[in-house]
Structures are given as structure tokens and as C-alpha cells.
Amino acid sequence: MTELNLIKIKQEKASEITELFELSELGQSLLTQDVTPAEFIEKLIQEESFADCINFIAYSLPKREATWWACLCARSCQSTQTNPKDAKAVESAEAWVYKPIQENAKAAFTAAEATAFKTAAGWAATAAFWSGDNLSPLDDNIVLPAPDLTAKAVAGAIMLAASQDGAAQVKNRKQTFIRQGIDIANGGDGRKVEP
């Protein structure tokens, strides 16, 4: 398994992250008061609690890194037959990651809407929008996004991407995506992770 340096995860205890989302019963049974994020990720992987692990990483990464992770996972599902709306959604989300300004966040939302929020690409773009500074369509009416919205969209994108090729590939895809998330948490870009 990849070494867990997790330089992008600032919390010292896993419980600081797990209080932000709902763990499964198995995940709850693995959580102890003093377990570190690295130790908790290792436990979740060992017990194959992959949905909990994806949520945990999504909620622990900074918004930009988490959105990048969603982009990688969504892009991994794309092919020459990919709907152009999905391709545009990932491109828009990546544009926000490269330059996290409100203009790019709004463009990502427009691209996400075009996917009807039914694809991993659409949720990656939604993560970019929810990472912006204003959810309002009006520039002079500021509506701040709730702090957990990005992580929800990221986890949704990754779970949709994992199920893209049917049930037979779900476990393998989740494992690959988790390794990418760990690489990003370690300060990498997630691209060098082998499927």
C-alpha cells in the first residue's frame, strides 16, 4: 500500500473529519478516539469499507485538491464515446482547479447543469462550483456555500465514476480511486496511480 504522509490533511484525529459525515456501522466500529487519519484510512481499506474511505478522504482534503480528485475519477470513465456535455463538465471543473476564481466556478455550474447532475463529470463540476465564493447567480447577492458541499459533490462524483462500468468493476475502481486520493493527500497529483 502507498505510504501515508497525508501532508494535505491538517486534522490530527480522524474523529475531527468523521464528525462531518455519516459513517457506516463498520466505519463507526473502526473509529477510536485517538486514531489518526492515516491509521483510520488503513483500517477502512483493510476492512474494505471503501465508501467510508472515499467520504473520509473527500471531507479531509482541501477543496481544490478534493475537486481535482473528482476530476481524475470522472475523467477515467471517459472515452471517445463520452457525451460532449460530460467532457465539458470535467474541463470546466479542471479549469476551476487550475484557476480557482468565481468566473470559473460559475462556468463549472453551467456545465454541471447540462449533465442534469446524473454523471460523475457533472458532480465534479458541481464540486468546483460549490468550492467557489458565491452560489447566487447575482454577483451583488453573496450566498456562501456550506463548508461540506464540496466534499458531498466529490464523494458523489467518485461513487458514480466507480459504478460506471457495472458491478464487476466497482470494487477495483474504488480501490484505484482511493489510491489516487491518498496520493493527492500525500502531495502528489494522483495521475501516476496504476489501476
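Me: What should I keep in mind about the model before I start?

Reply: The model is predicted, so local features need pLDDT of at least 70 and side-chain atom pairs count only at pLDDT 80 or more, while totals for chains, interfaces and linings use all residues. Residues are numbered from 1 along each chain as its sequence is written, and side-chain values use heavy atoms, with hydrogens and water left out.

Me: How many disulfides are there?

Reply: Start with the general idea: a disulfide is a covalent bond between the sulfur atoms of two cysteines. The rule here asks for a pair of cysteine sulfur atoms within 2.5 Å. By that rule the count is zero. Take Cys53: the nearest cysteine sulfur belongs to Cys73 and is 12 Å away.

Me: Are Cys53 and Cys71 buried or exposed?

Reply: Buried means under 20% relative accessible area, exposed means over 50%, and partly exposed lies in between (1.4 Å probe, protein chains only). Cys53 has 0% relative accessibility, so Cys53 counts as buried. Cys71 is buried too, with a relative accessible area of 0%.

Me: Now the charged side chains. How many salt bridges are there?

Reply: A salt bridge here is a side-chain nitrogen of Lys or Arg within 4 Å of a carboxyl oxygen of Asp or Glu. The count comes to five. One of them joins Lys13 and Asp34, at 3.4 Å from N to O. Lys13 sits in the segment before α1 (15-18) and Asp34 in the loop between α2 (25-30) and α3 (37-46), 21 residues apart. Helices here are DSSP runs (H or I, at least four residues), numbered from the N terminus. Lys13 is partly exposed at 33%, whereas Asp34 is exposed at 54%.

Me: Which residue does Glu48 pair with, and where do the two lie?

Reply: Glu48 meets Lys171 in a salt bridge of 3.2 Å, N to O. Glu48 is in the loop between α3 and α4 (50-60) and Lys171 is in helix α10 (residues 167-185), so the pair ties together parts 123 residues apart in sequence. Glu48 is partly exposed at 42%, and Lys171 is partly exposed at 39%.

Me: What does Arg75 form with Glu94?

Reply: A salt bridge, with the closest N and O atoms 2.8 Å apart. Arg75 is partly exposed at 34%, while Glu94 is buried at 11%.
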